[in-house]
Amino acid sequence: MGAALNETHDPNLQSWIASANEPDSGFPIQNLPFAVFRPDETASFRPGVAIGDRILDLQALADLRPFYGLAARALEACKGQRLNALMALSSAHWSALRLELSRALRLGSAMADRLQPLLSAQSDAQFDLPARIGDYTDFYISIHHASAVGSLFRPDNPLLPNYKWVPIGYHGRASSISVSGSDFARPCGQTKPAGNPGPPQVGPSQRLDYELELGAFIGTGNPMGRRIRIEDAESHVFGLCLLNDWSARDLQAWEYQPLGPFLAKNFATTISPWLVSMEALTPFRCPFARASGDPSPLPYLSSTDNDSSGSIDIELEVWITTQRSREADEQPFLLGRSNFRHAYWTLAQLVTHHTVNGCNLQPGDLLGTGTLSGPGAGQEGSLLELTLGGKQAVQLPWGEQRLFLEDFDEITLKAVCRKAGYPSISFGGCSARVLPPLPLTSTER
Ligand code: MN
């Protein structure tokens with residue numbers, strides 16, 4: 001499962017870029033996540049890698065032809081405006097590039113003088129989607145979220161009988177996925193409040209919510225008709241990002257049966273710009289475990305590696321600011337804190353299950369995990385859970401309260417991997433703000 005530890009994971013490695021060596025940098029030389037960025041508004045977008053508070057321009061680095069072999073081939077694939085060409089290669093290519101970047105950015109590297117001019121400040125950079133996303137699938141792998149939401153939508157029957165056997169998912173929409181910082185208008189749609197005997201109405205959603213998720217970008221694809229075995233599954237994953245699956249709960253409640261989420265989900269999805277590689281996450285692997293009494297996964301979703309290290313210890317957080325809190329200079333408020341290791345299914349199981357029928361995945365496809373709520377109080381990954389279905393308001397320390405999101409609310413997702421004796425690995429942030437809806441005209445209402 002994934003790569004073994006190697007010299008790029010040495011906790012003692014330091015970079016000649018001083019900010020990477022700060023204890024809480026989040027982007028130490030052991031991380032090296034990829035993004036698509038431009039150093040300023042006049043430049044074109046290009047791939048880059050984070051080191052400390054800087055970004056190394058990989059397009060410009062490719063022009064120097066500094067590497068050989070697989071790493072050279074991988075760097076050559078960074079000459080475009082997206083990461084799809086690099087994703088399409090193989091995990092051996094990504095690993096070779098990571099090793100050469102680690103060596104080039106290390107303290108004492110002979111390349112420091114040549115690389116210095118290729119660095120720019122993260123704080124000045126603008127980001128774009130890391131890849132052209134062909135298809136987007138969203139799963140539902142937190143049993144804690146599924147149980148909590150199920151009990152709100154179906155009090156008599158919260159967890160459907162398939163949940164513990166099949167990784168539940170739906171096909172989402174790729175066109176409305178944006179990178180962090182892209183604000184969006186509150187969606188309009190059909191709603192029909194429970195117990196209201198009249199016809200449904202159309203208008204702005206009154207129950208707009210966030211969902212705390214991770215996204216997994218597929219690297220190498222599979223030909224149609226050819227399954228990806230669980231032993232090979234992670235070598236097809238290029239990297240992970242944060243993902244906010246904005247959800248209109250009132251639209252969802254009315255439309256979701258019998259075919260699942262549709263317009264309640266596809267108006268906006270926000271992802272973080274940085275993709276943390278599976279290799280960077282190796283030190284944070286942990287066993288895949290289920291409560292005793294729960295069924296073991298079917299054989300095609302099971303392997304010894306998946307049992308021993310299929311999960312990943314990734315701390316997740318959701319923060320909110322509002323128009324009022326920003327005007328008053330209040331600190332953001334923490335709405336929830338969870339961990340990816342609480343998930344009921346692993347990334348390898350998702351990839352394998354997605355292809356068990358012969359479905360082909362392609363470089364740049366995106367898999368969402370589903371809301372990653374944890375088992376305890378304070379670990380809710382959505383307002384739906386936090387407010388018990390919109391019944392119990394969350395008190396914000398600056399004197400406001402929320403059942404669901406209001407216009408100009410901003411949600412920020414964060415993720416970090418921590419381990420004693422090892423530098424922390426950050427995913428950066430994933431933020432976006434809710435804007436007022438585009439009003440419906442009198443003939444549309
Ligand atoms: Mn979701």
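Ground rules. Residues are numbered from 1 along each chain as its sequence is written, and side-chain values use heavy atoms, without hydrogens or water. Since this is a prediction, local features need pLDDT of at least 70, side-chain atom pairs count only at pLDDT 80 or more, and totals for chains, interfaces and linings use all residues.

Metal site. Asp138 (OD), Glu211 (OE), Glu213 (OE) and Asp245 (OD) coordinate the manganese ion at 2.1 to 2.3 Å. Donors here are N, O and S atoms within 2.8 Å of the metal (3.2 Å for Na, K and Ca); water is not among the atoms, so sites may look incomplete. The donor spacing in sequence is D-x72-E-x1-E-x31-D. Glu213 sits in strand E13 (residues 212-218) and Asp245 in the loop between strands E14 (237-244) and E15 (247-248), so this pair ties together parts 32 residues apart in sequence. Strands are DSSP runs of at least two residues (E), helices of at least four (H or I), numbered from the N terminus. Glu213 and Asp245 are both buried, meaning under 20% relative accessible area with a 1.4 Å probe, protein chains only.

Next, strand E6, residues 136-139. Tyr136 and Asp138 point one way, Thr137 and Phe139 the other; all are buried. E6 runs parallel to E22 (residues 366-368), with three bridges. Pairing takes at least two DSSP bridges. Thr137 stands opposite Leu367 in E22. E6 also pairs antiparallel with E7 (residues 169-171), over three bridges. There, Thr137 faces His171.

Terms used:
Buried < 20%, exposed > 50% of the residue type's maximum accessible area, 1.4 Å probe, protein only.
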